[in-house]
Amino acid sequence: MDVDDYRTHSPYSDPRHHAALLEAVPADLPTVAATARNVIIHYRAGGVELPDVRRAEVNLRWLDRILDADQSRFPLPLAAERPAAERVAGCCRDHTLLTVATLRQHGVPARSRVGFASYFVPGWHHDHVLAEWWNGDRWVWSDPELDPAGDRPFDGYDIDPEAGHFESAARVWLAYRAGRVDPDTYGVDPSLPIRGDWFIHDYVLLELAHRHKDEVLLWDGFGAMTEDLTGADLTLVDEVAALLVAADRGDAAAGRELARRYASDARLRPGPTVHCMDPVSGVAADVDLRR
């Protein structure tokens, strides 16, 4: 995919009848990120206790439905302050989706990046999603979930890809395969068993999907994903990860090969349905992605 392909909406980022709300938000990253934090609160780590019926909003999936929920409570511009407890429950994927959607609405190339962040808990690598946008010269990694007033030793709106604060899933997978990282330090949370080699493996496929504008939920399962690497085609994910890393380095041929494989190999992409494990209820179900 070319830079210009990321100027347009995906089915997930399309605001549909809420387009005017995004158009009213200035397209500079700090303002867009602040708007995302104003509309969305993390369903587990937002600093407020939400009932399960509200936490379930993390499954809304499509931006227009997220904005439907917001506007049902606040029929106001997105910049108008919302009380934290009344914001739409989401996660890093949703902060990023709203950020990417707003930038795309203004014609700025933007996409979401799936990987692991090391800046929340020392020694632990949380699964995380960043916004990546084209500033005219290069792709910039930005974390819209981070408040810039926070005490962090780096610029959260221009994260150095080589500094180790955030690593793409592909990079982590290749490091794991080379024996350079402990996979049990990569997962959802140090208190949860959702971690390890299979988790990194599946996140490479999530990274690939998001790169191709299929911004599925982090708990969606599809294709070659597995909860046990026994019998998994590790070479397939090795090759995909290597292509992702090469494409990040500007290898246009790698980007074209990724697009070819993504289009031709059903193991690498979501189909008409995904198997979704609801993180709030714990119930698994097949979800139809056709709208």
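Two strands are said to pair if DSSP finds at least two bridges between them. The model discussed here is predicted.

Q: In which sense do strand E9 and strand E10 pair?
A: Strand E9 covers residues 273-277 and strand E10 covers residues 284-288. Five bridges join the two strands, and Met-277 stands opposite Ala-284 in E10. The sense of the pairing is antiparallel.

Q: Which residue in the hairpin of E9 and E10 takes a positive phi?
A: The hairpin has six residues between its strands. A positive phi near 80 degrees is found there at Gly-282.

Q: Is Ser-112 buried or exposed?
A: Ser-112 belongs to strand E3, which spans residues 110-117. Its relative accessibility is 4%. Because the cut-off for a buried residue is under 20%, Ser-112 counts as buried.

Q: With which side chain does the side chain of Ser-112 make a polar contact?
A: Leaving aside residues up to four places away in sequence, Ser-112 touches several residues, among them Thr-96, Val-129, Arg-211 and Glu-215. The polar contact, at 2.7 Å, is with the side chain of His-210.

Q: How many of the 11 residues of helix H2 are buried?
A: Helix H2 runs over residues 29-39 and is mostly covered. Its buried residues include Leu-29, Val-32 and Val-39, and helix H4 and strand E4 are among the elements covering them.

Q: How far apart do the end C-alpha atoms of residues 86-144 lie?
A: UniProt lists these residues, in an unreviewed entry, as "domain: Transglutaminase-like". The span is 24% helix and 42% strand. Its end C-alpha atoms lie apart by 19 Å.

Terms used: Residues numbered from 1 in each chain as written. Predicted model: local features only at pLDDT ≥ 70, side-chain atom pairs only at ≥ 80, totals over all residues. Heavy atoms only, no water. Helix = DSSP H or I, 4+ residues; strand = E, 2+ residues; numbered from the N terminus. Buried < 20%, exposed > 50% of the residue type's maximum accessible area, 1.4 Å probe, protein only. Polar contact = N/O pair within 3.5 Å; in protein donor to acceptor, adjacent residues only side chain to side chain. Contact = heavy atoms within 4.5 Å. UniProt positions renumbered as here; feature names shortened; annotations may be inferred.
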